[in-house]
Amino acid sequence: MPRPEKPVNLMRGWPSPDVLPASLLAAACQRVLSDMAEYTPILQYGADPGYEPLREGLAQWLGRHYRVQPDPRRLCITGGASQSLACILQSFTDPSYTRAVWVIAPCYYLACGIFADSGLNGKLRASPEDDEGVDLEVLERMMQQVDDEAGSRPAAQTLKEPGPHRKLYRHVIYTVPTCANPSGKTMTLRRREVLVKLARKRDALIVCDDVYDFLQWPLEGDPTPERPPELRLPRLCDIDLAMGPAANDPQGFGHAVSNGSFSKISGPGVRTGWVEASPAFVTGLSKTASTMSGGAPSQLCAGILSDMVRTGELEKHIETRVRPSLQRRHRLMMDAIREFLVPLGVQTRQSSLAGSQVYGGYFVWLTLPPGHPLPTTAVAEIAMDEENLVIGYGNMFEVLGDEDSARFDADIRLCFAWESEESLVEGVQRLARLLKRMRDNRELYQPRVGGAQAPGVDTFK
């Protein structure tokens with residue numbers, strides 16, 4: 001069969017152009033740039049914690065969604081989730097003091113480079129998932145081992161002086177607790193509560209990429225604004241706050257932060273996000289030198305987004321366009337997976353949250369049957385060569401420097417957010433054709449060896 005001419009990219013984790021709110025952004029931009037009293041502050045340097053009207057609007061919106069008391073003091077406006085992760089590491093970790101970074105695996109692989117750039121290369125450790133989101137027994141045992149080993153060595157001189165507005169953490173735990181990238185899993189409430197207790201015990205900072213929390217839906221019926229409890233699980237930062245100050249944290253910095261972003265709900269190009277944590281943590285984060293020098297990140301976009309949050313237009317867009325679109329796309333892909341891939345022995349999870357009928361995020365995680373002739377690195381190469389199909393292969397999502405602790409040679413990530421709806425089905429059909437050929441012609445495909453990165457795979461979420 002000849003190679004299809006039309007490319008299909010099921011790797012790219014971008015929102016579809018169909019759900020980008022260009023007209024809403026244009027209208028908000030026109031409003032805020034038409035009034036000198038409004039445009040002057042957003043075209044000037046801003047306050048270190050970010051544009052105050054957006055902090056206030058976000059506090060109200062997030063408070064309603066998560067059912068917590070709104071508090072703008074707990075919010076810092078950022079240049080997006082990746083930039084804020086870098087600032088968190090600059091301000092609250094030290095390569096000599098911080099003992100390990102525990103990354104829930106499989107992981108959002110591009111975060112590993114941010115840790116490495118912060119001097120933490122070689123300290124990343126894979127912490128495996130279980131069906132409830134994180135295997136806490138394994139994580140606690142590994143943390144205990146690292147602490148025991150560190151306790152037997154002389155204390156290292158810190159490279160940073162945190163000063164009065166920050167603290168340095170012994171450990172960092174990095175997770176996507178809701179609709180994880182890449183596995184799609186949502187961490188259960190009981191796992192969240194015990195994870196926070198473990199962080200407080202071990203002087204760890206949990207950094208949660210909470211970028212998919214608004215993008216969930218029921219498996220049956222239409223998505224509605226009146227979300228059931230399983231679609232409003234408390235963030236780890238809210239659980240930490242509800243427990244009160246930890247005994248080893250007298251200044252109240254806390255042990256969990258929520259890293260939010262407008263990328264998936266208004267468009268990655270706005271380059272704006274937020275961190276929600278304790279007021280003490282937010283103050284320290286806002287004093288990151290690059291933020292203070294720049295006069296708050298994303299000031300213009302923060303002003304535009306503030307208008308959309310204040311008017312309710314952004315929330316309406318999520319409820320009427322984004323969530324229904326993702327639900328429809330997910331159903332199309334899952335129907336195709338059940339029809340074409342499941343008969344070949346491919347496995348996937350049906351619900352993000354164990355015991356519930358809900359899903360969310362952008363991704364579906366597939367596992368090939370035992371005895372498949374090639375690792376998915378090679379499958380991705382051949383998919384590009386023979387089917388003009390780009391997929392995410394499992395080894396991409398291993399933890400940098402600790403790949404052997406959690407390997408994903410038999411796994412594939414597919415994204416249902418980017419491609420057109422008809423291409424989602426076609427892409428699954430192409431993958432099924434390829435896997436069937438590989439199964440039926442083992443001698444032909446066995447010599448093929450996967451490379452480090454499949455052709456055509458880009459480096460975006």
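Helix α3 passes helix α11 in a left-handed crossing, meaning that the near helix is turned anticlockwise from the far one by less than a right angle. This is a predicted model, in which local features need pLDDT of at least 70, side-chain atom pairs count only at pLDDT 80 or more, and totals for chains, interfaces and linings use all residues. Residues are numbered from 1 along each chain as its sequence is written, and side-chain values use heavy atoms, leaving out hydrogens and water.

**Helices α3 and α11**
- The axes of α3 (residues 52-66) and α11 (residues 299-311) come within 9 Å and cross at roughly 35 degrees; axes are lines fitted to C-alpha atoms over the stretch in contact, with angles from 0 to 180 degrees between N-to-C directions.
- Helices are DSSP runs (H or I, at least four residues), numbered from the N terminus.
- Pro53, Leu54, Gly57, Leu58 and Trp61 of α3 meet Ala302, Leu305, Ser306 and Val309 of α11, where contact means heavy atoms within 4.5 Å.

**Helix α14**
- The 20 residues of α14 (residues 421-440) should span 28 Å at 1.5 Å a residue, and the end C-alpha atoms are 29 Å apart, which agrees; the expected span is 1.5 Å times one less than the number of residues.
- Buried residues of α14 include Leu424, Arg430 and Met438 (buried: under 20% relative accessible area; exposed: over 50%; partly exposed in between; 1.4 Å probe, protein chains only).

**Ala289**
- Ala289 is found in helix α10 (residues 289-294).
- With a relative accessible area of 57%, Ala289 is exposed.

**Domains**
- Domain 1 covers 8-18 + 321-448 and domain 2 covers 22-314, with bounds from an automatic or database domain assignment.
- The C-alpha centres of domain 1 and domain 2 lie 28 Å apart.
- In domain 1, 36 residues are in contact with 41 residues of domain 2.

Definitions and conventions
Helix = DSSP H or I, 4+ residues; strand = E, 2+ residues; numbered from the N terminus.
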